[in-house]
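Please work through each task before reading its solution.

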Amino acid sequence: MTPLERLIAREIAQTGPISTARYMELCLSHPRHGYYATRDPLGAAGDFTTAPEISQMFGEMIGVWVAAVWGSMGRPEFNLVELGPGRGTLMADMLRVLNNAGCKPSAWLVETSPALRAEQAKRVPGANQAGALQDVPDGPMILVANEFLDALPVHQYLRTPQGWREQQIGLSNDALAFGLSAPAPDRETDRDWLEVSPMADAITAEIGQRLARHPGAALIVDYGYTGADVPPGPSLQALRNHEHVPPLHAPGECDLTWLIDFDRTRALLAAHTATGLTSQGAFLTAMGIGPRAQSLAQAAPRDADTIADALERLTAPDQMGTLFKALAATSPGLPPPPGFEARP
Ligand code: SAH
């Protein structure tokens with residue numbers, strides 16, 4: 001039993017079964033035992049690898065996107081905000097490209113983990129740090145979030161013969177075990193399951209409201225689905241050492257994520273902004289990742305294989321290219337951002 005598992009078992013014994021959202025919150029963010037609170041999961045000995053850690057090309061292509069959006073805004077002063085910046089690699093890669101384009105935004109890193117804040121300060125010296133989007137001053141903004149929403153606490157609801165019920169975590173023979181709540185309110189959907197994160201919804205709505213008040217854009221990249229490719233069941237998953245493990249395994253020592261319902265996220269943004277959705281592969285290709293890979297390989301022939309591998313991992317449909325999607329939102333009145341011209 002991990003120390004956190006003992007704490008969770010005690011909470012359940014005292015107050016009854018908990019939601020998957022409460023479980024995630026404890027596992028990822030508990031101040032002493034939480035996964036993100038205590039470690040840098042993206043490091044060399046980490047549990048998973050994200051796109052910015054695969055190659056500098058990922059952050060560079062997003063930097064190209066930010067520079068183009070900034071141009072379409074009339075090159076104002078603005079806040080460049082990143083939510084959940086991990087090690088700070090994406091922000092550092094973006095800022096290098098922006099600097100070359102003569103664009104010097106005020107950088108804001110929104111992060112809750114003390115361990116990762118320290119990493120970010122090393123890679124992006126001089127950037128502002130905030131604990132929540134609300135703490136970033138209002139004004140023109142371009143916001144980026146990669147693999148951020150998927151780490152926020154999520155509730156799971158299942159359709160059963162007795163109606164909708166929430167997935168819960170209780171105790172069975174003193175061990176954590178999944179169970180179902182009493183029948184819960186009906187859900188208006190023809191699906192058999194739903195994952196709902198009030199925190200992700202609130203942050204998404206806040207992004208939209210900010211873009212309605214001041215010019216700017218947001219780019220949300222994550223793994224997830226639309227109505228066309230809904231997975232067969234709830235998506236909450238745990239990863240340790242790059243391997244899937246059961247979600248109740250070793251609480252606090254594994255990463256927990258879920259797949260974003262991009263239709264839901266997009267609808268929340270579309271209340272205030274113009275939106276577009278595309279795949280990560282198509283987005284990076286539109287931003288010029290192919291030619292960038294070529295020029296990097298020409299400059300460092302010994303790294304050519306590594307660069308080709310990274311390009312493949314980031315863009316190929318059977319790797320990150322299709323499962324990962326890019327959702328863009330722009331303030332009313334701005335043209336569609338690059339990569340989203342068709343507003344598909
Ligand atoms: N974007 C990074 C890291 C992804 S991991 C990358 O692509 O490599 C998820 C990140 O979100 C971590 O930095 C984690 O500490 C942060 N995070 C989780 N919950 C958060 C919250 N409520 N507010 C801000 N950051 C959060």
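Predicted model: local features only at pLDDT ≥ 70, side-chain atom pairs only at ≥ 80, totals over all residues.

**Exercise 1.** Determine whether R210 is buried or exposed, and describe its surroundings.

*Solution.* 
Step 1: Locate the residue; R210 belongs to helix α8, which covers residues 198–213.
Step 2: Apply the cut-off for burial, under 20% relative accessible area. The relative accessible area of R210 is 6%, so R210 is buried.
Step 3: Examine its side chain, which makes a polar contact with the side chain of E206 at 2.7 Å.
Step 4: List the contacts, leaving out residues up to four places away in sequence; R210 touches L133, Q134, V136, P137, D138 and M141.

**Exercise 2.** Characterise the largest pocket by volume, lining and class of residue.

*Solution.* 
Step 1: The volume of the largest pocket is about 770 Å³.
Step 2: Its lining comprises 43 residues, of which G84, E111, T112, F148 and L152 are the closest to the centre.
Step 3: Among the elements that each supply at least two lining residues are α2 (20–29), β2 (79–83), α6 (89–100) and α8.
Step 4: Sorted by class, the lining has 22 nonpolar, 12 polar and nine charged residues.

**Exercise 3.** Describe the second largest pocket in the corresponding terms.

*Solution.* 
Step 1: The second largest pocket holds about 430 Å³ of space.
Step 2: It is lined by 16 residues, and the closest to its centre are F48, T49, Y223, L239 and F324.
Step 3: Two or more lining residues come from each of β11 (237–240), β13 and α13 (320–323).
Step 4: The lining of this second largest pocket divides into six nonpolar, six polar and four charged residues.

How values were computed. Residues numbered from 1 in each chain as written. Heavy atoms only, no water. Helix = DSSP H or I, 4+ residues; strand = E, 2+ residues; numbered from the N terminus. Buried < 20%, exposed > 50% of the residue type's maximum accessible area, 1.4 Å probe, protein only. Polar contact = N/O pair within 3.5 Å; in protein donor to acceptor, adjacent residues only side chain to side chain. Contact = heavy atoms within 4.5 Å. 1 Å grid on protein atoms, 1.4 Å probe; cavity = no way out; pocket = protein on both sides within 12 Å on 5 of 7 lines; lining within 4 Å. Points joined across faces, edges and corners; volume = space filled by probe spheres on them. Nonpolar A, V, L, I, M, F, W, Y, C, P; charged D, E, K, R; others polar.
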